[in-house]
Amino acid sequence: MRLGTLLCLLGFVFVSDCAPPTCYSRALSLSKETMTLLERIHTYHRTKTCAEVLPTIFLDVHNSCITTKLRDFLYVVLNHPNQYCRERPRMVLLKRKIQNLYTIITKLCYRDLVFFTDDCDAIDTGHSSPHYAEDRLQLLQEER
């Protein structure tokens, strides 16, 4: 009896874990997968030379600049100057992941994603610097 109850409970746990991903969760997981793949491309000996052409990018789905940066990055990947690099399996996979992420962010989840920042330098450098709003900056200046 207890074994049957335990199996039934475990069955519910597995079923509840199978919920379809939301736009946000899919964009977040795809950005993490893409960053992992980029790291592999930069370290793998066969694709290290291909990665020299790629611009530095740190994907953050909470940054409103991600759409333009992804579009520019995708352009570089699609028009890589070396044919050998365009045909490498990891580079092809990178192209697919970037295209999917761009499509998810710009079309499928266009109004579902909430952007918390518009720090375009953070996508290039990986370091987000706090920007004070105009009224906060004015208060800081008045206090001095």
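What follows is a short exchange about a predicted model of one protein chain.

Colleague: How many helices and how many strands does the protein chain have?

Modeller: From the N terminus on, the elements run α-α-α-α-α-α-α-α. The secondary structure therefore comes to 8 helices and 0 strands.

Colleague: What share of the residues in the protein chain is buried?

Modeller: Buried means under 20% relative accessible area. The protein chain has 144 residues, and the buried ones make up 26%.

Colleague: Which element gives the largest share of the largest nonpolar core?

Modeller: The largest nonpolar core has 27 residues, and L54, I66, L70, F73, L94, L101 and I105 have the most contacts inside it. Elements giving two or more residues to this core are α2, α3, α4 and α6. The largest share, 6 residues, comes from α6.

Colleague: Take I66 from that core. Which residues is I66 in contact with, leaving aside its neighbours within four places in sequence?

Modeller: I66 is among the residues with the most contacts inside the core. Contact here means heavy atoms within 4.5 Å. By that rule, and with those neighbours left aside, the partners of I66 are L59, D60, V61, I105, F115 and I123.

Colleague: Now S31. Is S31 buried or exposed?

Modeller: S31 sits in helix α2, residues 23–43. Leaving aside its neighbours within four places in sequence, S31 is in contact with L59, V61 and L101. Its relative accessibility is 4%, so S31 counts as buried.

Colleague: Which backbone oxygen lies 2.8 Å from a polar atom of the S31 side chain?

Modeller: A polar contact needs a pair of N or O atoms within 3.5 Å. At 2.8 Å from the S31 side chain lies the backbone oxygen of L28.

Colleague: Which handedness does the disulfide have?

Modeller: The count comes to 1 disulfide. That disulfide joins C50 to C85, with S to S at 2.0 Å. The torsion about the S-S bond is about -85 degrees, so the disulfide is left-handed.

Colleague: Where do the two cysteines sit, and how many residues apart are they?

Modeller: Both C50 and C85 are buried. The disulfide joining C50 to C85 links distant parts of the chain: C50 is in helix α3 and C85 in helix α5, 35 residues apart.

Colleague: Y84 is also in α5. How far apart in space are Y84 and T47, C-alpha to C-alpha?

Modeller: Y84 is found in helix α5, residues 83–87. With a relative accessible area of 41%, Y84 is partly exposed. Y84 and T47 are 37 residues apart in sequence, and their C-alpha to C-alpha distance is 9.6 Å.

Colleague: Which residues are linked in a network of salt bridges?

Modeller: The count comes to 3 salt bridges. R26 pairs with E33, the closest N and O atoms being 3.8 Å apart, and E33 meets K97 at 2.8 Å, N to O. E33 in α2 and K97 in α6 are 64 residues apart. The network therefore links R26, E33 and K97.

Colleague: Is K97 buried or exposed?

Modeller: R26 is partly exposed at 31% relative accessibility, and E33 is partly exposed at 32%. K97 has 15% relative accessibility, so K97 counts as buried.

Colleague: Which residue forms a salt bridge with R71?

Modeller: R71 is partly exposed, with a relative accessible area of 43%. The closest N and O atoms of the pair are 3.6 Å apart. That is within the 4 Å limit for a salt bridge, and the partner of R71 is D72.

How values were computed. Residues are numbered from 1 along each chain as its sequence is written. This is a predicted model: local features need pLDDT of at least 70, side-chain atom pairs count only at pLDDT 80 or more; totals for chains, interfaces and linings use all residues. Side-chain values use heavy atoms; hydrogens and water are left out. Helices (H or I, at least four residues) and strands (E, at least two) are DSSP runs, numbered from the N terminus. Buried means under 20% relative accessible area, exposed over 50%, partly exposed in between (1.4 Å probe, protein chains only). A polar contact is a pair of N or O atoms within 3.5 Å; within protein, one must be able to donate a hydrogen and the other to accept it, and residues adjacent in sequence count only if both atoms are side-chain atoms. A nonpolar core is a set of buried Ala, Val, Leu, Ile, Met, Phe, Trp, Tyr and Cys residues joined through side-chain atoms within 4.5 Å. A disulfide is a pair of cysteine sulfur atoms within 2.5 Å. A salt bridge is a side-chain nitrogen of Lys or Arg within 4 Å of a carboxyl oxygen of Asp or Glu.
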